[in-house]
Amino acid sequence: MGKSEMKTSIPMVNGEFDYEFLYNHSSKLIFYVIRRLINDEDVVKDLVQDTYISAFKNIDDLDEYTLEDFTRWSARIASNNAKQYLRKKRPMAFTDLTGDEFDLNQELEDEGTFESPDVTAHKEEISQIVAEIMDSLPEDQRLCVFMFYFEDKTTKEISEELDLSENTIKSRLRYGRDKIKDMLSTKEAQGFKFFSVAPIPIFVYGLKNGAEFVKPIPFKGFALAMTPFGKIKQLIKNGLDKVFSNPVILASAVATGTLAVIGINSSLKKEDPINPLEYVEVIFEGYDKNGVAKYEWHDDSYEVDLNFDKSENLSNGDVIKLSTKDGAFDREFEVNGLKDITKVDLSQYLKVSFSGLEGQGIAHVSLMKSDDPDIDIYLEKIELEYNQDSTLRNNDLFEIKVFVPQVEGYQLISDNLEYKVSGLKQDIRPIIMKRIYQIHDKENISEILYQQDTDLNGEWISDSLEIISIELTEVKIGKQGAQYVTYSESKLTTNDGTYQVGVVSQFDPSLKVSSDIFGAIKSSRVSLESFKSYYLKDVVWE
C-alpha cells in the first residue's frame, strides 16, 4: 500500500508528508532532549538538523504514520545523536570509574512524579531551575541523570547502553542527586517555594515537563539551514542525490509559508540566482501604531544586507517592503501580531471630592488602586496639576491637567478632566446675622412694640413709647430638625425705661424664608426665660 493510500494523521503536501507540520509539532521535544544533554547552542542546532535529516530521510521506516509515532521515534534519534556526539567529543563520560567503591546493593529509588495545584502553577519556573541544574552537572552525571529520570531507564539498561559498569552508573547518579539536592536547597534559601515537596520529585517534575517551554527555531529559519545557503548545499556536493530515489522536501518557501520541493538531482543548479528574501524571517515587535520590524537571517556563513522601506511606528495591517541593498530583489510583508495598546480612562481611577463652605471650598484628589498591577504602575507615574486654592463654589468647573508619562503599551484617553463642584456647605452665619440685624432695627422693633398691647408680664406698653437706643445682647444659632433656628435678644433704652426684646426665628433649609416670634418685657427677665424655654425646645445649638 502506497503512502498516499494509507490512513495517517500526518497531512500530505503534493504527495509527500508535510514536513513543516511534523517539525512544528515535534521540534520542542527534539530541541529539549538534545539541549538537556549538551550545553553548546551551535552544536544543539547542528544535531537538531541532523536529527530531522535522518528522520525525514528514513520516515518510511515508521510502523504507523502518526504524529505521535514520528515524535517518539525522532526523539530517540535526537537522544542517540547527542550521546554519539558526547562519546566522540567527551570520551570521559563513557569511561568506567576506578578506585571508587560503591555498594551495589544500595538501590537508587525512582521517586516519581506528581501533580499538585501549587507546583503546576509554577511549572515554568521549576523547569527553568531544573535546566540550570542540568547545565551545571558534569556531563557524565548529566547523561546518567537524564537517562534515569527522563528516559525512565534502569541502571542496568543505562550501563548496557553506555557500555559501563552498573556500579559506575549508580555512583554517577548518587553524585548527581547530591548536587541536585544541594542546588534546590540553595534555591529554597533564596526564597523560591517548593510547597513542601521533596527535592528529587520536584526535580523530576521539572525535567519531564520542561519541553513545553522550549522556543525552537521557527520552521522558516530551520528550513533555511537546509537550503542552498546551508547544510543541504554541502550534502548535495557530497552526492546526496545518489542516496534519494525521489525528491525530498527540505526547504521552506518563506513567501507562502508552505514547503517547496527541491529536486536533488536536477531542479537546483549552481548558476540559478538565489533570492535571499525567500529565506528571511521578518518579525514584528511592540505595540500597534508604534511597532517595529526586524529580520532574522539564520545562516552565519552567508551575509546579506537588506533594507526596509519602513520599520518603525508600524500598525497592524500596514504593508512594508524589504529589499536587497542592490535592489535586485524585494518583497512585501503585512504587519501583524503587534500587541494592542491598553487605553486607560483616568477618571475611573481618580477619586475627587469637595469639602468646606461655599466660596471657601477645597478639592481632594487621589488615585485609587485598579485590579491590574501593571496599570497601577502606570498610574503611579502620572502627574496631576489642579487648583488647590480654597475658593471653590458649588457648580464651579474644577479642572485637572494630566501630564502623561511615556510608557510603552499604554495610552491615556484624555489628558484634561473636568468635574462640577458640589456638596459645599453654605456659610449660614452671614445670612442669618443679616436677618437678625434687620429684625432688631430700631424702626422694625418700634413697629413690633406698637402692635403689642402688653409685655409678657401683662404690663401695658405705652403708645407713645420712643426708643432711644438698641443694643444686641445675645445671638444663638442652632437646628431644630432640618430647620435652622436662632434666638436673638436686644436691650432697648426708651422714654419709658428699659425693655428686653427676644426673637425666635425659624429658617427653612434654603435660608430664604423665616418666621419670627417676638417677646418683650420691661425690666424683669423671668418671663423672657420662660419664653425661651417654651419656643426653643429640642434645639441643638452650634
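Visitor: Which residues make the nonpolar surface patch of about 250 Å²?
Guide: In this predicted model, the patch is made by Tyr437, Leu472 and Val475.

Visitor: Where is Tyr437 placed?
Guide: Tyr437 is in helix H13, which covers residues 428-439.

Visitor: And is Tyr437 buried or exposed?
Guide: Tyr437 counts as exposed because its relative accessibility is 52%, and the cut-off for exposed is over 50%.

Visitor: Let's go to H1. What span should the helix have, and what do its end C-alpha atoms give?
Guide: H1 takes in residues 19-37, so 19 residues at 1.5 Å a residue should span 27 Å. The end C-alpha atoms are 25 Å apart, which agrees.

Visitor: Where does H1 bend?
Guide: The bend is at Ser26, by about 55°.

Visitor: How many of the residues of H1 are buried?
Guide: The helix is mostly covered, with 15 of its 19 residues buried.

Visitor: What does Asp18 do at the start of H1?
Guide: A side-chain oxygen of Asp18 comes to within 3.2 Å of the backbone nitrogen of Glu20.

Visitor: New topic: how many salt bridges are there?
Guide: The count comes to 21 salt bridges. One of them pairs Lys83 with Glu161, with 2.8 Å between the closest N and O atoms. This pair links distant parts of the chain, as Lys83 is in helix H3 (residues 67-89) and Glu161 is in helix H7 (residues 155-162), 78 residues apart.

Visitor: Nice. Which residue does Lys187 form a salt bridge with?
Guide: The partner of Lys187 is Glu132, and the closest N and O atoms are 3.1 Å apart. Here too distant parts of the chain are linked: Lys187 belongs to helix H8 (residues 166-189) and Glu132 to helix H5 (residues 123-136), 55 residues apart.

Visitor: What is the accessibility of Lys187 and of Glu132?
Guide: Lys187 counts as partly exposed at 22% relative accessibility. Glu132 is partly exposed as well, with a relative accessible area of 42%.

Visitor: Since we're at H5, which of its residues are buried?
Guide: Buried residues of H5 are Lys123, Ile126, Ser127, Ile129, Val130, Ala131, Ile133 and Met134.

Visitor: How far does H5 reach from its first C-alpha to its last?
Guide: The helix has 14 residues and reaches 20 Å, close to the 20 Å expected at 1.5 Å a residue.

Visitor: Back to H8 for a moment. What does Arg172 pair with?
Guide: Arg172 forms a salt bridge with Asp140, where the closest N and O atoms are 3.6 Å apart. Asp140 is in helix H6 (residues 139-149) and Arg172 in helix H8, 32 residues apart. Arg172 is buried, with a relative accessible area of 3%.

Visitor: Which residues are linked in a network of salt bridges?
Guide: Arg35, Arg36, Glu41 and Asp135 are linked that way.

Visitor: One last thing: what is phi of Asp163 and of Asn395?
Guide: For Asp163, phi is near 60°, a positive value in a residue other than glycine. For Asn395, phi is near 80°, also positive. Most residues other than glycine have a negative phi.

Visitor: Where are Asp163 and Asn395?
Guide: Asp163 sits in the loop between H7 and H8 and is exposed, with a relative accessible area of 64%. Asn395 is in the loop between strand S13 (383-386) and strand S14 (397-403), and is exposed at 54%.

Technical notes. Residues are numbered from 1 along each chain as its sequence is written. This is a predicted model: local features need pLDDT of at least 70, side-chain atom pairs count only at pLDDT 80 or more; totals for chains, interfaces and linings use all residues. Side-chain values use heavy atoms; hydrogens and water are left out. Patches are made of residues with over 30% relative accessible area and no salt bridge: like charges are joined within 9 Å, nonpolar side chains (Val, Leu, Ile, Met, Phe, Trp, Tyr) within 5 Å. Accessible areas come from the Shrake-Rupley method with a 1.4 Å probe; for residues, only the protein chains shown count as cover. A salt bridge is a side-chain nitrogen of Lys or Arg within 4 Å of a carboxyl oxygen of Asp or Glu. Helices (H or I, at least four residues) and strands (E, at least two) are DSSP runs, numbered from the N terminus. Buried means under 20% relative accessible area, exposed over 50%, partly exposed in between (1.4 Å probe, protein chains only). The expected span of a helix is 1.5 Å times one less than its number of residues. The bend at a residue is the angle between axes fitted to the seven residues ending there and the seven starting there. A polar contact is a pair of N or O atoms within 3.5 Å; within protein, one must be able to donate a hydrogen and the other to accept it, and residues adjacent in sequence count only if both atoms are side-chain atoms.
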